Structure formats: structure tokens, C-alpha cells
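Reader: Please show me the model, and then let me ask about the terms used for it.

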Amino acid sequence: MTDDDAAREKAAELGAVVPSGTVADAVKAIQDGDQSLLQGVDRLITSPSDMRTLASLGRILGPRGLMPNPKLGSVTPDIPKAVSDALKGEVIVRVNKEGGIYTPIGKVSMGYSSLKANARAVLEAISSNKPSDAKGVKSGAAFWKMASITRTMGGYNCRVETSTVDPSSSKYFRGGVEGDQEKETGEDDAYA
């Protein structure tokens, strides 16, 4: 979301959904209850100059995880690059001070095989970007103290054996996980 016409045109060419009108018009519409502008939106990208206008939507965008943040790259002067990265599948990984990593791997509607492929890609990215000089961190399964998968909304938590999340392990993504094969009926999201 930006008032810069050149950035809007380039973002639209790349495939981003760009609302018509100004940022102030979109903000006013959302504040008046028009939630249609936010349907299907995974990430909201804006320029620093337009962030002041969007700040008034903090109570609406924040709980949905859509509030632009400069630390996450969604408030940037180079909107076309941010849009391109987002459309290529850039994943936002959050880390807490204890070293816990939080990142989405997909949606239930994607199906088991897609979720499994996404989880594998995230684990490989984290393992390959592990700091080599991190204190007390060894290579291999010792890098992973604990792993679990949970739904965004809900209390169900599934613990994962750490040897299966280490790409250097022989047990990596092997084994008898219930639902490892999708149902022949096509109801693949019953296992996610």
C-alpha cells in the first residue's frame, strides 16, 4: 500500500493486489468496516512515508499479523523488491531471546504433502543458516533441543523427535508418521 504511483504500477505488474485510490482512502474504508480489502491478504507492504497513515489501523491489522514492520521488511522504500520477494515465497522467521524459532509452514487447506515439503524447506533453511560461532551449539541433532508443530489457533501441540528434523541425520523425515500417505479420497487436509 503506497501513494507512489510508480511503485504501485510495478507491484501490480509483479502480481500484487493493489487497492485503488490513496492509502488514506483504504484506511478510511477499513476503519468504516470494509473488511473486503483485507480478505486473502497474507502480507501488507508499504513505504515509510505511508506508514504514519497506516498506523491508525494497528488494532485491526495487528491481531491478523498484517501490520507492516521495518524489521520484517514490510516497511521499505523499495516496494517492488519486497513484493517480488513475498511472491517468491519469502518466509518470515521470528526468534525469541531464548532461541525459540516461530515460523508458519502453511495452511491446513494445503494438504499433508505440501505441509511436509514446506516444513522440510524451513528446517533445511534454519540448519544451513545456523551461526557457526554460536556458543554451545554443536552440529547435528544437538542443534535442535526440541521441535514441535502447532496450529495457529488452538491448543493442540505435536512434539517431533529431534533426530528427524536434522538434515544430517539418517532419520531425517523418515518413519511412520500417521497420515504419511494421503487418503485416496482426496481429503488430504484431514491430517494437517
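Author: What follows is a set of questions on terms and values, with answers.

Reader: What should I know about the model before asking?

Author: This is a predicted model, where local features need pLDDT of at least 70, side-chain atom pairs count only at pLDDT 80 or more, and totals for chains, interfaces and linings use all residues. Residues are numbered from 1 along each chain as its sequence is written, and side-chain values use heavy atoms, with hydrogens and water left out.

Reader: How many helices and strands has the chain, and what makes a run count as one?

Author: The chain has six helices and four strands. From the N terminus the order is α-α-α-α-α-β-β-α-β-β.

Reader: Why is T46 called buried?

Author: Buried means under 20% relative accessible area, exposed over 50%, and partly exposed in between, with a 1.4 Å probe and protein chains only. T46 has 0% relative accessibility, so T46 counts as buried. T46 sits in the loop between α2 (23-31) and α3 (48-54). Contact means heavy atoms within 4.5 Å, and, not counting residues up to four places away in sequence, T46 touches M1, M51, L54, P68, S74, V75, T76 and I79. Over the chain of 192 residues, buried residues make up 26%.

Reader: Why is T53 called partly exposed?

Author: T53 has 30% relative accessibility and therefore counts as partly exposed. T53 belongs to helix α3 and, leaving aside neighbours within four places in sequence, is in contact with V23, A24 and V27.

Reader: What makes a set of residues a nonpolar core, and which residues form the largest one?

Author: A nonpolar core is a set of buried Ala, Val, Leu, Ile, Met, Phe, Trp, Tyr and Cys residues joined through side-chain atoms within 4.5 Å. The largest has 11 residues, namely M1, V23, A26, V27, I30, L38, L44, L54, L57, L61 and L66. Helix α2 supplies the largest share of this core, four residues. Apart from it lies another core of six residues, including A7, A11, I45 and V83. As for L44, its contacts beyond four places in sequence are M1, L54, L61, L66, P68 and S74.

Reader: How do you know that K81 and D85 form a salt bridge?

Author: A salt bridge is a side-chain nitrogen of Lys or Arg within 4 Å of a carboxyl oxygen of Asp or Glu. The closest N and O atoms of K81 and D85 are 2.9 Å apart, and the pair forms a salt bridge. K81 and D85 are four residues apart in helix α5, so about one helical turn separates them. K81 is partly exposed at 47% relative accessibility, and D85 is partly exposed at 22%.

Reader: How many salt bridges does the whole structure have?

Author: The search finds two. D32 forms a salt bridge with K28, their closest N and O atoms being 3.3 Å apart. D32 has 56% relative accessibility and therefore counts as exposed, whereas K28, at 47%, is partly exposed.

How values were computed: Helices (H or I, at least four residues) and strands (E, at least two) are DSSP runs, numbered from the N terminus.
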